[in-house]
Amino acid sequence: MVADLLVLQTVAELFPNGISRYAIGGLFVGLGAAVIYAGTAINAGASTFLESTLSYVSDRSRFSRYVGSRDWRLVFTLGIILGAAVYAVVFQGGAWTTDVAPWRLLLGGIFVGVGTRVGKGCTSGHGVCGVGSASKTSIAGVIAFLLTAIITAQVVAALGVTP
């Protein structure tokens, strides 16, 4: 009984606004990945968006391999952005803001971009699609992503870094 209360208290601390929005979001992410895979036989990873977008302006073979799938990838990525914007306006009463300095956002974005290329995919591709299909490579990748994120967060917090 005490253990159950501790679990409920921890869940309440982790999800102060309730867990339903996360569960619904997770269902939509899973459904979207399943629909994309069923319709295209391609995993719905977002990290190939840049390469597929560059195929509109470059004839290099690296980018031309995406010509057949670049249109839906563009729609997929725009859906991610617009979905977040609609959610912010409808459920949060306005645009999303942050106290993080712009240079830190830029640097973090560069690190994430390099990491997705080195890791041959991102958390949406490996985490949602790869783990969901029991890919050993994706499971190892997700473990590496999580460990890196946890260690980085702990080091940053220990150093007292603020936004």
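In which helix is Ser-138 found? Ser-138 lies in α8, the helix of residues 136–159. The legends below refer to a predicted model.

View 1. Leaving aside residues up to four places away in sequence, Ser-138 is in contact with His-126, Gly-130 and Val-131.

**View 2. Crossing of helices α7 and α8.** Helix α7 spans residues 123–132. Its axis and that of α8 come within 9 Å and cross at roughly 130°. The two helices are therefore oblique to each other, and their crossing is left-handed. On the α7 side the contact involves Thr-123, His-126, Gly-127, Gly-130 and Val-131; these meet Ser-138, Ile-139, Val-142 and Phe-145 of α8. By class, the residues of this contact are 4 nonpolar, 5 polar and no charged.

**View 3. Aromatic pair of Phe-15 and Tyr-22.** The whole structure holds 3 aromatic pairs. In the one formed by Phe-15 and Tyr-22, the ring centres are 5.1 Å apart and the planes make an angle of 55°, a tilted arrangement. Phe-15 has a relative accessible area of 27% and is partly exposed. Tyr-22, at 43% relative accessibility, also counts as partly exposed.

**View 4. Aromatic pair of Trp-72 and Phe-76.** The ring centres of Trp-72 and Phe-76 are separated by 6.1 Å, and the planes stand at 65°, so this pair is edge-to-face. Both residues belong to helix α5 (residues 70–92). Trp-72 and Phe-76 are 4 residues apart there, which means a separation of about one helical turn.

Key. Residues are numbered from 1 along each chain as its sequence is written. This is a predicted model: local features need pLDDT of at least 70, side-chain atom pairs count only at pLDDT 80 or more; totals for chains, interfaces and linings use all residues. Side-chain values use heavy atoms; hydrogens and water are left out. Contact means heavy atoms within 4.5 Å. Axes are lines fitted to C-alpha atoms, for helices over the stretch in contact, and angles run from 0 to 180 degrees between N-to-C directions. Angles under 35 degrees count as roughly parallel, over 145 as roughly antiparallel, 65 to 115 as roughly perpendicular and the rest as oblique. A crossing is left-handed if the near helix is turned anticlockwise from the far one by less than a right angle, and right-handed if clockwise. Ala, Val, Leu, Ile, Met, Phe, Trp, Tyr, Cys and Pro count as nonpolar, Asp, Glu, Lys and Arg as charged, and the others, Gly among them, as polar. Rings of Phe, Tyr and Trp (its six-membered ring) pair if their centres lie within 6.5 Å; planes under 30 degrees apart count as stacked, over 60 as edge-to-face and the rest as tilted. Buried means under 20% relative accessible area, exposed over 50%, partly exposed in between (1.4 Å probe, protein chains only).
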